[in-house]
Amino acid sequence: MATIEELDEQAREILRRNDRGGYSVPTAGLYPYQWNWDSAFSAYGYAEFDIDRAWTELETLFSGQWDNGMVPHILFHQADDGYFPGPDVWGAQGHGPIDSSGISQPPVAAAFARRIHDLDPSVGAERVGALFEPMLKWHRWFMKCRGESGAICITHPWESGRDNAPSWDKSLAAVDASNVGPYVRRDTGHVDASMRPTKYDYDRYIAIVNFGRDNNWDEDVILTDGPFRVADPTMTFTLLRSHRDLSYLGQELGRDTSEVDGWIEELESGAASLWNETIGAYDTKDLRTGEFGGTASSASFLNWYGGVENGVALDTLKQFNAGTKYGVASHDPRLGSFDPKRYWRGPVWAVVNYLVGSGLGSCGHMQEAEKIRQDTAELISKNGFAEYYDPNTGEPAGGGSFSWTAAVWLSWASPSAGEGN
Ligand code: GLC
């Protein structure tokens with residue numbers, strides 16, 4: 001098995017190889033563009049060896065910000081035929097300076113900006129000074145365009161970053177996909193179809209994209225008539241955490257933080273609406289029907305990352321993790337719908353482990369945090385820098401040489417990492 005030094009070097013090499021000049025692709029082939037939360041993770045990985053490059057990653061991400069404040073989930077910097085759906089399907093040209101998708105992704109950028117700032121405040125103060133307003137504007141967009149229930153919702157499963165999680169099954173079933181027509185998927189040309197979402201799910205993903213495009217990505221129409229609107233713990237807790245870190249940065253920079261501080265209070269109380277007593281965990285909630293998704297997922301345990309303590313959730317997490325060799329599975333291993341190889345329906349993801357583990361650590365749950373960090377380190381050191389892993393066998397699945405897995409290794413899981421060790 002490779003030594004720690006060798007693994008650290010492999011991780012740096014993956015980031016360098018996935019660098020397309022100012023931004024990183026998640027992995028060559030399968031994901032040939034800049035993805036929002038992947039980039040924020042990558043920035044944190046770069047910060048371990050090249051702080052200037054770390055800031056550039058975040059700056060390039062925000063260079064695609066829309067006029068309304070939204071920061072897209074994909075920036076299509078250079079055309080690539082290997083990915084579907086591309087810019088023409090999204091039809092979002094003109095909303096922002098760079099061709100992009102029409103939805104966002106979990107807002108972890110400000111949380112990482114704070115960590116990168118703290119690694120070297122002499123460089124950080126200047127770089128974050130220029131990013132502060134764009135980050136504030138993005139957070140304001142979330143509060144205005146996704147926050148009407150108190151918690152933060154998504155308008156497309158892709159917005160949550162957990163594309164085919166069972167959390168969306170009931171809400172997706174209500175999406176009419178009869179008008180989608182023929183299209184050619186590209187993902188299953190790169191990765192075995194058994195590890196990817198089904199055609200049933202994909203038809204509905206495309207139907208929701210078509211709705212946004214046909215309505216020119218008008219947030220008012222999407223709010224009232226959009227086919228999918230589900231409040232989500234991933235969005236709610238990552239935004240809560242990023243609000244806290246943005247407020248911290250604002251204070252460091254001598255800016256007015258009263259607006260952000262108000263949002264923190266709003267979200268703390270909004271997050272409580274996602275508590276599902278029946279499953280003892282934070283859950284998704286369909287804002288059209290008022291119904292919970294009804295299943296715990298790895299996102300259920302992001303409350304600590306958001307700075308929200310909950311003893312019952314801690315018990316549930318222990319039971320959840322007892323169901324697989326490696327935690328944290330993306331879906332509840334105690335349920336029949338658990339599928340250890342299919343994307344967000346069972347596999348364990350290093351990035352979510354970082355969010356859950358570092359959150360637990362920052363709330364003082366050192367033992368639980370350390371267990372998740374060790375599981376992540378073992379998965380990566382034995383099986384490489386995969387997109388995700390089978391939580392029972394550890395087998396790598398999905399794409400390989402993944403930027404954010406490399407970044408999580410460098411910044412957190414590796415015994416040589418700066419944070420949490
Ligand atoms: C998939 C994941 C999403 C990620 C993207 C690029 O769509 O579900 O979370 O951002 O791939 O890695």
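1. Basis of the note. The structure is a predicted model, in which local features need pLDDT of at least 70 and side-chain atom pairs count only at pLDDT 80 or more, whereas totals for chains, interfaces and linings use all residues. Residues are numbered from 1 along each chain as its sequence is written, and side-chain values use heavy atoms, with hydrogens and water left out.

2. The nonpolar core. A nonpolar core is a set of buried Ala, Val, Leu, Ile, Met, Phe, Trp, Tyr and Cys residues joined through side-chain atoms within 4.5 Å, and buried means under 20% relative accessible area, while exposed means over 50% and partly exposed lies in between (1.4 Å probe, protein chains only). The largest such core holds 134 residues, and the members that touch the most others are F41, L58, I116, M135 and W409. Helix α6 (residues 121–145) gives the most to this core, with 10 residues; helices (H or I, at least four residues) and strands (E, at least two) are DSSP runs, numbered from the N terminus. For F41, the contacts (heavy atoms within 4.5 Å) beyond its neighbours within four places in sequence are V108, F112, V351, Y354, L355, W404, A407 and V408.

3. On a 1 Å grid over the protein atoms alone, a cavity is a set of points where a 1.4 Å probe fits but cannot get out, a pocket is an open set with protein on both sides within 12 Å along at least five of seven lines, and lining residues have an atom within 4 Å of a point. Grid points are joined across faces, edges and corners, and a volume is the space filled by probe spheres set on the points. The structure holds two cavities of 30 Å³ or more, and the largest cavity contains about 280 Å³ of space. Its lining has 25 residues, of which Y31, W35, Q105, D163 and Y343 are the closest to the centre. By class, that lining divides into 15 nonpolar, four polar and six charged residues, where Ala, Val, Leu, Ile, Met, Phe, Trp, Tyr, Cys and Pro count as nonpolar, Asp, Glu, Lys and Arg as charged, and the others, Gly among them, as polar.

4. The second largest cavity and W217. About 80 Å³ of space lies in the second largest cavity, which is lined by 13 residues, with T155, I208, G212, W217 and I222 nearest its centre. Helix α9 (residues 199–214) supplies the largest share of this lining, four residues, and the lining has nine nonpolar, four polar and no charged residues. W217 itself sits in the loop between α9 and α10 (219–225), and W217 counts as buried because its relative accessibility is 6%.

5. The second largest pocket. This pocket has a volume of about 160 Å³, and of its 15 lining residues K170, S171, A174, D286 and T289 are the closest to its centre. The lining is made up of five nonpolar, five polar and five charged residues.

6. Two buried residues with polar partners. S403 lies in helix α16 (residues 403–413) and is buried, because its relative accessible area is 0%. The side chain of S403 makes a polar contact of 3.0 Å with the side chain of N18; a polar contact is a pair of N or O atoms within 3.5 Å, and within protein one must be able to donate a hydrogen and the other to accept it, while residues adjacent in sequence count only if both atoms are side-chain atoms. D187, in helix α8 (residues 187–190), also counts as buried, at 6% relative accessibility, and its side chain joins that of R185 in a polar contact of 2.8 Å.

7. Backbone details to check. Most residues other than glycine have a negative phi, and most peptide bonds are trans. W217 has a positive phi of about 55° although it is not a glycine, and S401, in the loop between β9 and α16, has a positive phi of about 45° although it is not a glycine either. The peptide bond from F84 to P85 is cis, with omega near 0°, and P85 lies in the loop between β2 (74–75) and α4 (87–90). The peptide bond from G327 to V328 is cis as well, with omega near 0°.
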